[in-house]
Amino acid sequence: MAVQVNDLDAAPVGACCSIIYSHPLATWLIGESFHPGGLALTDELARLAELGPGKRLLDAGCGRGASTVHLAESTGCEAVGLTLESDGVERGRQLAEARGVQDRVTFVQDDIMHMDTATGIGGFDVVLMECVLSTLEQKPESLRQLYRITKPGGYIAITDVTVSGELPRQLQGSIGAALCMADARDLDEYMSMVEEAGFRVREYRSAKEAVHQLIKKIGTRLMIADAAIGLGSLVVDRSMIVEARDSLKLANKLVDDGTLGYGLIVAQRVG
Ligand SMILES: C[S@@+](CC[C@H](N)C(=O)[O-])C[C@H]1O[C@@H](n2cnc3c(N)ncnc32)[C@H](O)[C@@H]1O
């Protein structure tokens, strides 16, 4: 088995989800696209936001640039990927080169709250935000920033974790933060924030089927990881696998009872 992880303990579990997702084991469990629904849901957002050739896309909180590069390739748009991590910028650039779209794709390491318009940030037809809003401490302020850099008539296209009611204590700490749940809101609250920032919601829906699919995929991979630990080809503390499986089981139950979900919002800047 090709997965070799021997420094999992070095990853600060209490840190923001983006640090967790930089870990190779997380990439192996989830894939390069760090959100439920993967690139199929990204395509749906792009279609609803009328992304196409010649249009300018900002992938705000782009992770390793999987959606940024995919959309540049599939729609012919020009894309900027914005992320907090330097390794995201590096990985994104490598991916863009590998797919031959480096002339239309740029990666910038910056914070949504302090975007430097001198670096070409601004005048976007579409702002994409997948599994990012839930993680932001300053949600309304960040949405207002994104409004400013969206062209009149342009769109903000969001998918994110939704939480209605209270999470069980096990998911309120670092595991909840790692899974983007800790400060997630319900779909109505996200929509109110988007509208208060100046956008008009054009489409919204629950996409909770995507969470079930992701949980199933991670569950299968955890079984493989467990087997690999048994064979000595994966060096990870087995208790982490057990803990992750317990959290997944709990998350599945929460999706079933409606506490946990995933939502899609596409909104337009009218003024
Ligand atoms: C869960 S990952 C999602 C990555 C990507 N959107 C995807 O779906 O594959 C969260 C991303 O949001 C980024 N992020 C979080 N807060 C941010 C901020 N204030 N400014 C810019 N990026 C931010 C992180 O750097 C990370 O890349």
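A crossing is left-handed if the near helix is turned anticlockwise from the far one by less than a right angle, and right-handed if clockwise. Helices here are DSSP runs of H or I, at least four residues, and strands are E runs of at least two, numbered from the N terminus.

What I'm showing is a predicted model: local features need pLDDT of at least 70, side-chain atom pairs pLDDT 80 or more, while totals for chains, interfaces and linings use all residues. Residues are numbered from 1 along each chain as its sequence is written, and side-chain values use heavy atoms, leaving out hydrogens and water.

First, the helix pair. Helix 3 (residues 38-48) passes helix 4 (residues 66-75) in a right-handed crossing. Their axes, lines fitted to C-alpha atoms over the stretch in contact, come within 11 Å and cross at roughly 55°. Angles run from 0 to 180 degrees between N-to-C directions. Under 35 degrees is roughly parallel, over 145 roughly antiparallel, 65 to 115 roughly perpendicular, and the rest oblique. So this pair is oblique.

Who meets whom? Contact means heavy atoms within 4.5 Å. From helix 3 come Leu-39, Thr-42, Asp-43 and Ala-46; from helix 4, Ala-66, Ser-67, His-70, Leu-71 and Ser-74.

Next, cysteines. The structure holds 0 disulfides, meaning cysteine sulfur pairs within 2.5 Å. Buried is under 20% relative accessible area, exposed over 50%, partly exposed in between, with a 1.4 Å probe and protein chains only. Cys-62 is buried at 7%. Cys-77 is buried at 0%.

Last, Thr-259. Thr-259 sits in the loop between helix 10 (238-256) and strand 7 (260-269). At 12%, Thr-259 is buried. Leaving out residues up to four places away in sequence, Thr-259 touches Thr-162, Val-163, Ser-164, Glu-166, Leu-167 and Leu-254.
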